[in-house]
Amino acid sequence: MGAGDDEAYINKDLDVEIRDVPVLTAGPGELLIRVKVPKIMGGEPRNHRDDIAGYVEAVGVGVIGFGPGDRVVVFHQMFTPYGSYAEYSVAAAKAAFCLPNTTSFEEAATIPLAGMTDPITVPTPFVVNGAATTVGSFAIKLAALSNICPIITIAGKGISFVETLFNKSKGDIIIDYRLGNDHINEQLRKVAGERGITVPGSNAGLINRPAQDRAKLRHTEFGSCIYNLISLGLAAGWFSGHPYEVAKGGLAGLEGALKDLEAGKISTTKYVLRLAETPGASN
């Protein structure tokens, strides 16, 4: 990346400053990505966000399956520099997948982190708390595709969206958390009966964690397989991204979008931005 390319820096008050950034190159096993659309995330850390859709600009030594010009979706390694709020980013090739021409960059940018945060073991009934979130909705989609039922979802303002994701004829239900904890517990007991309910945990970002205990195949390899499955699903039409809204103005619109998220103005949908809309951008 040459001088004059832009990266957004966010301070503790959610004020955004656009800075020039140094030259980036793809290291061994990495891709240099020309960012087209990142997903905007609230919370901490505010800088170096990780959900990216764009084009491969260059490939590092040892990379197979990708070449310059490929449309890709990338999960940048969490808590590291050179993330999604910039014209270019670097990421591990194993944390990327090819994007079919039928899927927009905007839709694709909603997928990377949430697609790696679904539970691996699935008890039944399968309980999805926060069902209208990106993670929750992807968990429901993948469970339904695997014929896992019943799916017990917990949601609030996004209930109408969640209703589009499952099959009531298989016993799937929605519990409105706005009616209080007693209502949630009562509905869960009705469904579970004597079986009880296990709420599965999940982990984010494990695709970028190296193998441990001398294992050759761990999170990275498993995650890479899942990403390729998602790519196939997008191409075949049986998987899709999350509803989104475009924050206007590229990186110049990032500050307003972050403050909207902080104020709770966005619920079911996700904010994305188009780097090409940044004033003066060459992307």
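Two strands are said to pair if DSSP finds at least two bridges between them. Helices (H or I, at least four residues) and strands (E, at least two) are DSSP runs, numbered from the N terminus. The model is predicted: local features need pLDDT of at least 70, side-chain atom pairs count only at pLDDT 80 or more, and totals for chains, interfaces and linings use all residues. Residues are numbered from 1 along each chain as its sequence is written, and side-chain values use heavy atoms, with hydrogens and water left out.

**View 1. Strand S3 and its partners S4 and S6.** In strand S4 (residues 51-59), Gly54 is the bridge partner of Val35. Seven bridges join S3 to S4, and the two run antiparallel. Strand S6 (residues 88-92) is also antiparallel to S3, to which five bridges join it; here Ser89 stands opposite Ile33. Of the nine residues of S3 (residues 30-38), seven are buried, where buried means under 20% relative accessible area, exposed over 50%, and partly exposed in between (1.4 Å probe, protein chains only).

**View 2. The surroundings of His242.** His242 lies in the loop between helix H6 (219-236) and strand S11 (244-247). With a relative accessible area of 2%, His242 is buried. Its side chain reaches the backbone oxygen of Ala132 at 3.4 Å. Beyond its neighbours within four places in sequence, His242 is in contact (heavy atoms within 4.5 Å) with residues including Thr110, Phe138, Phe161 and Lys270.

**View 3. Cys98 and Cys149.** Cys98 is partly exposed, with a relative accessible area of 33%. Cys149 is also partly exposed, at 31%. Counting pairs of cysteine sulfur atoms within 2.5 Å as disulfides, the model has zero disulfides.

Conventions. A polar contact is a pair of N or O atoms within 3.5 Å; within protein, one must be able to donate a hydrogen and the other to accept it, and residues adjacent in sequence count only if both atoms are side-chain atoms.
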